[in-house]
There are 2 protein chains.
Amino acid sequence: MPRLLIVGAMAAGMSAASKVRRLSPEWEVTALDAGEDVSYGACGLPYWLGGVTPSGSDLYALTTEQIAERGVEVLLRTRVTGLLEGRKRVEAEDLRNGRTREEAYDALLIATGARAVLPDLRGLDAENCFSLHDFGDGRRLHRFLEEERPRSAAIWGMGYIGLEMAENFRARGLTVTMVNRSSQILGGVAEPIRDRILDTLTDHGVAVRLQSEVREAMRSGDRITALDTDRGTVNADLFLVATGVRPATDFLRGSPLRIDGSGALRPDETCATGVHGIWAAGDCCAVRNRITGQWAYVPLGTTANKMGRVAGSNIAGVRERFPGIVATAIMKAFDLEVGITGLSAEDAAAAGFDPVTVDVEASTRAEYYPGGGTASVHLVADGRGRLLGGQICAPEGTKGRIDTLAAALTASMTADELASLDLAYAPPFAPVWDPLLVAANVLRSKLKNR
Amino acid sequence: MPRLLIVGAMAAGMSAASKVRRLSPEWEVTALDAGEDVSYGACGLPYWLGGVTPSGSDLYALTTEQIAERGVEVLLRTRVTGLLEGRKRVEAEDLRNGRTREEAYDALLIATGARAVLPDLRGLDAENCFSLHDFGDGRRLHRFLEEERPRSAAIWGMGYIGLEMAENFRARGLTVTMVNRSSQILGGVAEPIRDRILDTLTDHGVAVRLQSEVREAMRSGDRITALDTDRGTVNADLFLVATGVRPATDFLRGSPLRIDGSGALRPDETCATGVHGIWAAGDCCAVRNRITGQWAYVPLGTTANKMGRVAGSNIAGVRERFPGIVATAIMKAFDLEVGITGLSAEDAAAAGFDPVTVDVEASTRAEYYPGGGTASVHLVADGRGRLLGGQICAPEGTKGRIDTLAAALTASMTADELASLDLAYAPPFAPVWDPLLVAANVLRSKLKNR
């Protein structure tokens with residue numbers, strides 16, 4: 001019986017495990033994970049912390065029984081510390097007793113995901129300072145919220161996690177201050193989108209300090225009392241550091257697997273690493289951006305799940321390919337939905353395009369149908385009209401419009417083609433000119449008058 | 001000054017008028033319309049009748065002032081009765097005094113739209129029997145609802161208008177019975193979609209009688225008291241006949257303009273009819289289905305608006321093309337959203353494809369995020385995996401998913417390509433496997449195992 005060893009029992013790893021067992025039941029499949037949890041929806045952690053999702057156990061995607069039924073062995077609290085690829089083994093440490101052992105494989109899938117990166121600042125190891133990446137982080141923060149009943153939170157970083165946690169801390173009644181190094185948020189959304197997000201935060205009582213460099217975490221005993229920035233001091237009972245993640249690939253240092261500058265593996269379309277018998281999938285990998293053809297590090301659960309299936313299929317001998325991403329993402333910031341796909345103008349310029357952008361505002365429903373709102377649509381195209389990216393924020397309908405744009409980007413559509421798409425219309429759902437079509441028409445005019 | 005005469009002052013006609021005036025202010029533009037209203041959102045009539053949209057005047061897309069500002073002359077209550085293309089004139093009747101006159105043109109745009117078709121049955125001219133196509137119909141029905149306070153309505157026909165009016169009659173507290181000739185609804189949606197619509201109607205207290213042939217409209221004086229069907233009698237205070245529409249092209253009989261079997265004009269991609277100086281756009285036209293390449297009669301406001309712009313642009317000498325439709329539509333039936341795009345399995349077989357279909361159910365949000373529901377997704381592909389069509393019903397998110405599918409159809413994507421689309425994910429908006437991706441994966445498996 002050949003043995004597939006999977007390092008990481010999260011989205012990518014468990015998708016691959018299920019796929020292999022379904023396609024080739026002759027494989028023995030074992031997943032090792034340093035954590036205590038298998039296959040949970042990490043994206044749900046903010047909503048559990050905010051009380052929207054009542055129980056942490058709701059986040060599990062697979063039960064222990066389902067995993068057993070699929071014939072997958074999972075060894076938790078087991079950290080893989082090294083790769084012995086010559087002997088087809090990994091070195092693993094049992095975190096319960098500190099003992100190390102070797103585990104043999106015929107095929108190895110690296111699906112270790114990412115880990116939160118803390119800024120290089122002393123004092124962040126305080127008992128009231130948190131990051132939020134895995135279930136362990138979530139449990140620690142949940143316990144603190146329940147037991148200590150903090151009244152205020154400071155969030156360092158205005159990416160997805162920071163913004164989602166601002167909403168969820170507010171849902172628990174905490175006062176919230178956000179601190180951000182630059183004036184850009186969410187990795188650099190266009191100004192009209194950024195301004196609406198900032199307005200929404202203000203409307204919901206979140207204090208925002210942009211362009212604030214944190215200089216010191218001021219401690220009193222085991223706790224941080226304030227972050228000292230170049231624009232003043234931020235006091236809080238609780239500190240969340242949400243400044244980014246990195247691929248969890250440290251254990252591969254010195255191995256023949258190539259790691260890029262961001263720390264990511266770069267498997268091919270079949271998820272093969274180029275080292276015989278070793279595959280990689282999920283947040284520990286860079287992926288191809290389908291618009292630029294270039295590598296990008298965009299760790300997202302959807303990508304991890306797709307890659308896991310592809311890896312599993314190929315390991316089982318059924319050829320499948322993962323063609324890459326266009327980098328689509330969505331988030332809810334209070335009553336505002338923010339969606340992003342493709343390249344920003346800055347990305348596009350960096351990739352060698354000569355980008356043209358438009359920003360429009362349009363109604364999300366027929367004007368006479370109650371309950372709608374204003375969608376802000378930002379489109380990016382190259383000089384010949386080929387779409388390169390887009391960003392949308394609105395109180396509703398954003399997921400569908402950003403997905404439509406993602407499909408258009410995948411198909412290399414032009415502004416003309418977007419403008420003639422046959423999109424659904426009825427008064428409760430859109431105006432007769434959908435905001436995407438309005439934006440496409442404005443973009444066409446701008447391109448013609450260049 | 002060259003003169004553009006537009007027959008029909010609705011979506012297509014007024015879009016064209018605005019476009020011509022913007023691109024070529026040297027044109028004199030006059031629109032003639034038999035009705036009393038310019039450029040209103042006919043799709044909003046059900047919501048005005050249901051009280052969702054408070055005032056009928058909310059439905060106007062352009063005010064009289066806006067029309068005047070654009071330099072467009074509109075002559076209402078003026079019915080065009082004949083075409084004298086040899087002399088570049090039309091014959092028009094002033095409905096206020098019955099006088100006829102001729103109007104000259106340099107370019108003529110036919111944008112007369114469609115008209116409701118009543119079944120060939122005696123007695124439908126009763127004062128409590130209505131159709132609902134134009135604002136005049138809407139006002140007549142609104143007046144009856146307000147003045148007579150009917151307590152029950154019977155709706156004949158289960159297309160968009162019938163279903164939307166069922167919801168809106170219920171919103172006013174009327175009991176509602178729907179009568180339908182066949183067992184198919186909405187032009188023949190797939191069974192799982194149909195069954196959910198029927199369940200929704202039942203849940204909201206609407207009585208449905210399928211496969212019921214209406215034999216007689218039973219009258220008492222000026223009113224219908226009941227519809228007699230082969231499956232029993234349907235009594236009501238008010239009767240709405242919503243059995244379909246036809247292109248309003250009767251006045252072209254005997255002219256050199258070619259009318260197809262459905263009564264529709266078939267202009268080319270520039271909206272030219274082939275008769276010099278005469279253009280056509282909107283609901284009086286058939287359009288190309290982009291999937292089959294065949295002509296189809298699918299009168300929809302979005303198409304009319306797009307065609308109007310294209311016609312106006314070409315009339316003004318700026319070449320634009322309308323590439324056709326994939327036949328996307330959406331409707332709200334109480335708390336269920338129903339979206340359709342592309343071909344049904346029956347359409348596909350009729351067009352010479354060997355269709356493969358799948359039906360899946362999937363959650364609209366992450367399972368642990370509250371407020372979601374179940375999406376039913378029906379996909380149609382040809383034997384090699386090319387997508388041909390889809391239908392979705394769900395309590396939320398349908399517009400975006402059907403639009404994404406419409407974009408995929410437009411780009412001739414396969415099930416494989418759909419399955420690898422980078423769609424947006426966050427717990428409030430979708431599960432990590434979007435219902436579209438779930439359906440695409442099931443379709444791929446089915447195609448492989450054929």
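Visitor: Let's start with H1(A) and H7(A): is their crossing left-handed or right-handed?
Guide: Keep in mind that you're looking at a predicted model. The pair to find is helix H1 (residues 11-23) and helix H7 (residues 301-315), both in chain A. As for the crossing of H1(A) and H7(A), its hand is right-handed.

Visitor: Okay, and why does H1(A) count as roughly parallel to H7(A)?
Guide: Start from the axes of H1(A) and H7(A), which come within 7 Å. Angles under 35 degrees count as roughly parallel. H1(A) is therefore roughly parallel to H7(A), since their axes cross at roughly 30 degrees.

Visitor: How many nonpolar residues are there in the contact of H1(A) with H7(A)?
Guide: On the H1(A) side you'll find residues including A:Met14, A:Val20 and A:Leu23. H7(A) brings, among them, A:Ala304, A:Met307 and A:Ile315. Sort the contact of H1(A) with H7(A) by class and you get eight polar residues, two charged ones, and a nonpolar count of 11.

Visitor: Now chain B: at about what angle do H1(B) and H7(B) pack?
Guide: Helix H1 of chain B covers residues 11-23, and its axis is 7 Å from that of H7(B). The crossing of H1(B) and H7(B) is right-handed. The two helices are roughly parallel to each other, as the packing angle is about 30 degrees.

Visitor: And how many nonpolar residues does the contact of H1(B) with H7(B) have?
Guide: Residues of H1(B) in this contact include B:Ala16, B:Val20 and B:Leu23. Among those they meet in H7(B) are B:Ala304, B:Met307 and B:Ile315. The class tally for H1(B) with H7(B) is eight polar, two charged, and for nonpolar, 10.

Visitor: Let's zoom out to the domains of chain A. Which helix gives the largest share of the side of domain 2 that touches domain 3?
Guide: The domain assignment puts domain 2 of chain A at 129-243 and domain 3 at 329-445. Between these two, 14 residues of domain 2 are in contact with 15 residues of domain 3. Helices H5 (160-171) and H6 (191-203) of chain A each supply at least two residues of the domain 2 side. The largest share of that side, five residues, comes from H6(A).

Visitor: How far apart are the C-alpha centres of domain 2 and domain 3 of chain A?
Guide: The side of domain 2 of chain A that touches domain 3 has eight nonpolar, three polar and three charged residues. The C-alpha centres of these two domains of chain A are separated by 29 Å.

Visitor: Which element gives the most to the side of chain B that touches chain A?
Guide: Here 53 residues of chain B are in contact with 53 residues of chain A. Helix H7 (301-315), strand S21 (329-333) and H9 of chain B each supply at least two residues of the chain B side. By class, that side has 33 nonpolar, 13 polar and seven charged residues. The most, 10 residues, comes from H9(B).

Visitor: Last one: at roughly what angle do the axes of H9(A) and H9(B) cross?
Guide: Helix H9 is residues 398-410 in each of chains A and B, and the two axes come within 8 Å. Residues including A:Asp403 and A:Ala407 of H9(A) meet residues including B:Asp403 and B:Ala407 of H9(B). This contact of H9(A) with H9(B) has four nonpolar, four polar and six charged residues. The two helices are roughly parallel, as their axes cross at roughly 10 degrees.

Conventions
Residues numbered from 1 in each chain as written. Chains lettered and ligands numbered in written order. Predicted model: local features only at pLDDT ≥ 70, side-chain atom pairs only at ≥ 80, totals over all residues. Domains from an automatic or database assignment. Contact = placed C-beta atoms within 7 Å. Helix = DSSP H or I, 4+ residues; strand = E, 2+ residues; numbered from the N terminus. Nonpolar A, V, L, I, M, F, W, Y, C, P; charged D, E, K, R; others polar. Axes fitted to C-alpha atoms, helices over the stretch in contact; angles between N-to-C directions. Parallel < 35°, antiparallel > 145°, perpendicular 65-115°, else oblique. Left-handed = near helix turned anticlockwise from the far one by under 90°.
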